[in-house]
Each structure stands twice: as structure tokens, then as C-alpha cells.
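Student: Hi! I'm new to this one and would like a walk through it. Could you show it to me?

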Amino acid sequence: MENLLGYTKNMLEDYFVNRGEKKYKATQVFEWLYRHGEYDIAKFSNIKKSIITTLQTDFTTDFIKIEKVLEGKDVKKFLFRLLDNEKIEAVLMEHDYGLSVCVSSQVGCNMGCRFCESGRLKKVRNLEAYEIVEQILLIQKHIGKRISSVVVMGIGEPFDNYDNIIRFIKIINDPKGLAIGSRHITVSTCGLVPKIKEFSNLDLQVNLALSLHGATDEVRNYLMPVNKVYNIDTVITTIKEYITKTNRRVTIEYVMLNMVNDRDSDAYNLARLLKGMNVYVNLIPYNATSIGEFQKSSQERIAEFGKILKQEGINVTVRREFGGNIKAACGQLRSESD
Ligand code: SF4
């Protein structure tokens, strides 16, 4: 049986049409799920009995569970238990412009980034689309407020779970679904080139972020094994093609690691690499984890690094620090609860 919360409206329309029913039934189902928050199929009262029975035979609406919530200033971290008892995390952040959630896309991650707690928990499996949708539904219910933006940047590499991520985006973006505007949805990849190309062919107006974290192959090879498959030149060329094709600005994520990638020379290399591209760089203060190998860059260093980028004509922002005190670095809560 499939979970109804992992079906896009188009998939449901096909489902109904294949059974000789009208397409609009899909919209009715979406309204029950996402407008009324009704997950008991038997209570979809404007849908005829025979269809209810078919839906009940083909679908569940089972939910993952919130196992634990840690609260910090402007941030809440949720640990979820999945139906097979695996665990994942999501983080809720309060910004001036609204509430955003960072969701997980996989149980563990195989990309092995050296600085990342999640990368130490090898991938167990991909998340199903419904498991990603439910992270948001449960958080909304828990806080009693609507989430206005979503980043797919938690545990896992989203493009290593491509089909489910696309389904998820379509569900939350649908005006009859969670109605989260495409400009408010960001998918972050460590640089899986074929999938970036595939993504550029979709007509989704969502934002793309590239986790770069190094401006030379030497630094990036050290930090991110994926660079040995798709090196900097390949990934930057692909991002340039993506920008030309979609006419959309790309975010470059750059985690600031003391004496590893935060020197003046790194800033100049980064500026040279990105010159003339429609990107902006997001400098991320490192959230110290149990991995003793890395330390965060000082605030002064981050400011100086940002200044060099600016002088070189690169748009740059420094990400606000969230939740260092509540183990908000991705993967930290899960790895401690095993
Ligand atoms: S940083 Fe992202 S891609 Fe890299 S290991 Fe961690 S979760 Fe995976």
C-alpha cells in the first residue's frame, strides 16, 4: 500500500482517470488532506462510498512520529521516528520574514563530507515523499502556525533521492497542497552534476543551492569526496549552464572552517571562480560537532572573508547562527539518540 501523502495531484488525477473517475476528485482529496487536515479517508464526506473503499484499499495515511523536540532561541529541532523505527531530523527557524523548515531527504547520507555529522551515518535508505511532506505537516501542527519556506538541506543528499524530492516539491508547492511558493523552496546539492542538469529541465521555479565549501580541487577533494567524481570545473560549468537555462540565481553555500577554507587566498580563489555569475554566496558559521577535526572560523575572519568577496564584486551574506546550543547541526540529534 502506498501513502496518500506521497502522491502529487497529477498522480492522483491519473489514478482516478484510470479508474474511470473524474480528475477533479484529486483536488477534493488534496483539499481534505491539506486544507482540512483530515487524514481519515472514511471522512472524505463529499466523495462517494465506492471511491472511498477503493482509496482505503490502495492507500494508507500513516504518519511518522515526533520523538523529541529541542528548543533554542528562534529555533526548534525535531527528531522523528519513522514507521520502520529509523530516525531523522528537521529544524524549524524563525526569521523576520516567517518560519522556515529544513527537512531531511534520506536516512543517513553516503556523500561523506568530512565536516558533516550526517555523513558519518551512512545512508540506510531514501525517504519516501510522504515522509518528507509529513515532517512539515507535523511541525505545523506542533506549533499551530503555517510554514512559509522550506529548505531541503537536512540529513541526506536530495539529488541522491531525486524522484521523491521532485514529488515532495510538487506536493508542497501545489496551491491545493501546502501552497508554499516556489521562490520559498530551496534544494541544496553537494554537486551531483547529472541531476543538476535534469533539474534545470524541469519547469519548477524553486531555488537551487550548491554546497561548494572549497574554491580549489585540493580543498574540496579534502572536504567532499563528491569532488573526485565531479570536480570544481565540472560543477561550476554545470551551474553556469543551469543559470543560463533557468535564468535563476543560484546560492553558493560555503561553511567557514578555521584555517581550512577561510584564508584570504581562499576568498580570492572563490571570487575568481564565481566572477560574473548570477550567484550569491552564503557564508555559514560552522556548527561545532562531535567531529573534533574542525573548528569554526572567528567572526572577524568571516567578516574579512566576506569583505574580500564583496570587494571582488561577489554578492555575499553571512548566515545567522541558529541553534549551536541545541545540537542543530544536521545529524547531531539523531546520532546521539541511537
Ligand atoms: S553535508 Fe549534506 S551531502 Fe555532505 S555528508 Fe552531510 S548530509 Fe550528506
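Tutor: Happy to. One term before we start: two residues are in contact here if their C-beta atoms, placed from the backbone, lie within 7 Å. Also keep in mind that this is a predicted model.

Student: At what angle do α1 and α2 cross, then?

Tutor: Helix α1 covers residues 9–18, and its axis crosses that of α2 at roughly 130°, coming within 8 Å. The two helices are therefore oblique to each other. As for handedness, α1 passes α2 in a right-handed crossing.

Student: Switching topic: what domains does the protein have?

Tutor: The domain assignment gives domain 1 as 2–60 and domain 2 as 65–337. Their C-alpha centres lie 33 Å apart. Where they touch, domain 1 contributes nine residues and domain 2 contributes twelve.

Student: Which helix gives the most to domain 1's side of that?

Tutor: Helix α2, residues 25–35, with four residues. By class, the side of domain 1 that touches domain 2 has three nonpolar, four polar and two charged residues.

Student: Let's go further along. How do α4 and α5 pack?

Tutor: Helix α4 (residues 129–143) and helix α5 (residues 162–173) pack at an angle of about 40°, and their axes are 8 Å apart. That makes α4 and α5 oblique to each other, and their crossing is right-handed.

Student: And which residues make the contact there?

Tutor: From α4, they are Ala129, Ile132, Val133 and Ile136. From α5, they are Asn164, Arg167, Phe168, Ile171 and Ile172. By class, the contact has seven nonpolar residues, one polar and one charged.

Student: I see gaps of three or four in those numbers. Why might residues with that spacing point the same way?

Tutor: An α-helix has 3.6 residues a turn, so residues three or four places apart point the same way.

Student: Nice. What about α9 and α10, which residues meet?

Tutor: Asp264, Ala267, Tyr268, Leu270 and Ala271 in α9 meet Phe305, Ile308 and Leu309 in α10. The classes here are seven nonpolar, no polar and one charged. Helix α9 runs over residues 264–274, and the two pack at an angle of about 35° with axes 9 Å apart. The crossing of α9 past α10 is right-handed.

Student: Last one: how far does α10 reach, and what follows it?

Tutor: Helix α10 (residues 299–311) has 13 residues and reaches 18 Å from its first C-alpha to its last, close to the expected 18 Å. After α10 comes Gly313, whose phi is positive, near 85°.

Conventions
Residues are numbered from 1 along each chain as its sequence is written. This is a predicted model: local features need pLDDT of at least 70, side-chain atom pairs count only at pLDDT 80 or more; totals for chains, interfaces and linings use all residues. Axes are lines fitted to C-alpha atoms, for helices over the stretch in contact, and angles run from 0 to 180 degrees between N-to-C directions. Angles under 35 degrees count as roughly parallel, over 145 as roughly antiparallel, 65 to 115 as roughly perpendicular and the rest as oblique. A crossing is left-handed if the near helix is turned anticlockwise from the far one by less than a right angle, and right-handed if clockwise. Ala, Val, Leu, Ile, Met, Phe, Trp, Tyr, Cys and Pro count as nonpolar, Asp, Glu, Lys and Arg as charged, and the others, Gly among them, as polar. The expected span of a helix is 1.5 Å times one less than its number of residues. Domain bounds come from an automatic or database domain assignment.
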